[in-house]
Amino acid sequence: LSLHWQPKVDLSTWKITGTEALLRWESPQLGKVSPGEFIPVAEQEGMMDLIGLWALRHACECGQNQLKGVRVAVNVSPVQLADPEFVSLVQSVLESTGLPADRLELEITESVFIEDTEAALKQLHALHALGIHVALDDFGTGYSSLSYLCRFPFSTLKIDRSFVLRDLPGQRAQIVLGNIIRLAMELEMSVICEGVETAEQAAILMRL
């Protein structure tokens, strides 16, 4: 296993303000295996807690060394968040690595709410109380329930890359994106837009 890093760039300053850890696996037998393939298997086989803990610890260590000065973001699976000990594990990792809580961001998708919404919200509030930032990932796909924005103070709203890669040149997509961005800003949330790869895409988002 290894972590690859995807930068988060502030469009007003063009400075890197954070980075997201992307979990990768290169198998001696299978070669490079997509996370979309191995993570569901790891969850099914009960291995995701250990893999997720490894990724979290390694990301926090990097945040104290190579990536010092920027916020590190780590994805959290529904399986991890369902563990009653998860908050304690995160706190232990922060203490052992020395990474300040406000330099860690945990990214979750709406799927964490499907099984037990109240339990998930309780865990997220406990993480928030530690000073950890929590991001709602892949917004604009799946359920995209606005009620979650009312019930938990997310620090970041991550707009799904499909808006950028497939829909962004279109006027309707820009109207939707503009309103999502305004909503997030009114709620004092940062906005991350995934998948920006061209100058044209960046220019549209800067205008929005």
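Q: At roughly what angle do the axes of α4 and α6 cross?
A: In this predicted model, the axes of α4 and α6 come within 10 Å of each other. Two packed helices are described by the angle between their axes and the distance between the axes. For α4 and α6, that angle is roughly 20°.

Q: Are α4 and α6 roughly parallel or roughly antiparallel?
A: Their axes cross at roughly 20°. Angles under 35 degrees count as roughly parallel. The two helices are therefore roughly parallel.

Q: Which residues of α6 meet F86, V87 and V90 of α4?
A: α4 passes α6 in a right-handed crossing. On the α4 side, the residues involved are F86, V87 and V90. In α6 they meet Q123, A126 and L127.

Q: Within what arc do the buried residues of α4 fall?
A: The buried residues of α4 are F86, V87, V90, V93, L94 and T97. Seen down the helix axis, they line one face, because they fall within an arc of 125°.

Q: Which exposed residues does α4 carry on the face turned away from its buried side?
A: The buried side of α4 packs against α2, α3, β5 and α6. The face turned away from that side carries the exposed residues E95 and S96.

Q: Does T19 count as buried or exposed?
A: T19 is in strand β2. Beyond its neighbours within four places in sequence, T19 is in contact with residues including W5, L67 and V72. Buried means under 20% relative accessible area. T19 has 5% relative accessibility, so T19 counts as buried.

Terms used: Residues numbered from 1 in each chain as written. Predicted model: local features only at pLDDT ≥ 70, side-chain atom pairs only at ≥ 80, totals over all residues. Heavy atoms only, no water. Buried < 20%, exposed > 50% of the residue type's maximum accessible area, 1.4 Å probe, protein only. Helix = DSSP H or I, 4+ residues; strand = E, 2+ residues; numbered from the N terminus. Arc of directions from axis to C-beta. Contact = heavy atoms within 4.5 Å. Axes fitted to C-alpha atoms, helices over the stretch in contact; angles between N-to-C directions. Parallel < 35°, antiparallel > 145°, perpendicular 65-115°, else oblique. Left-handed = near helix turned anticlockwise from the far one by under 90°.
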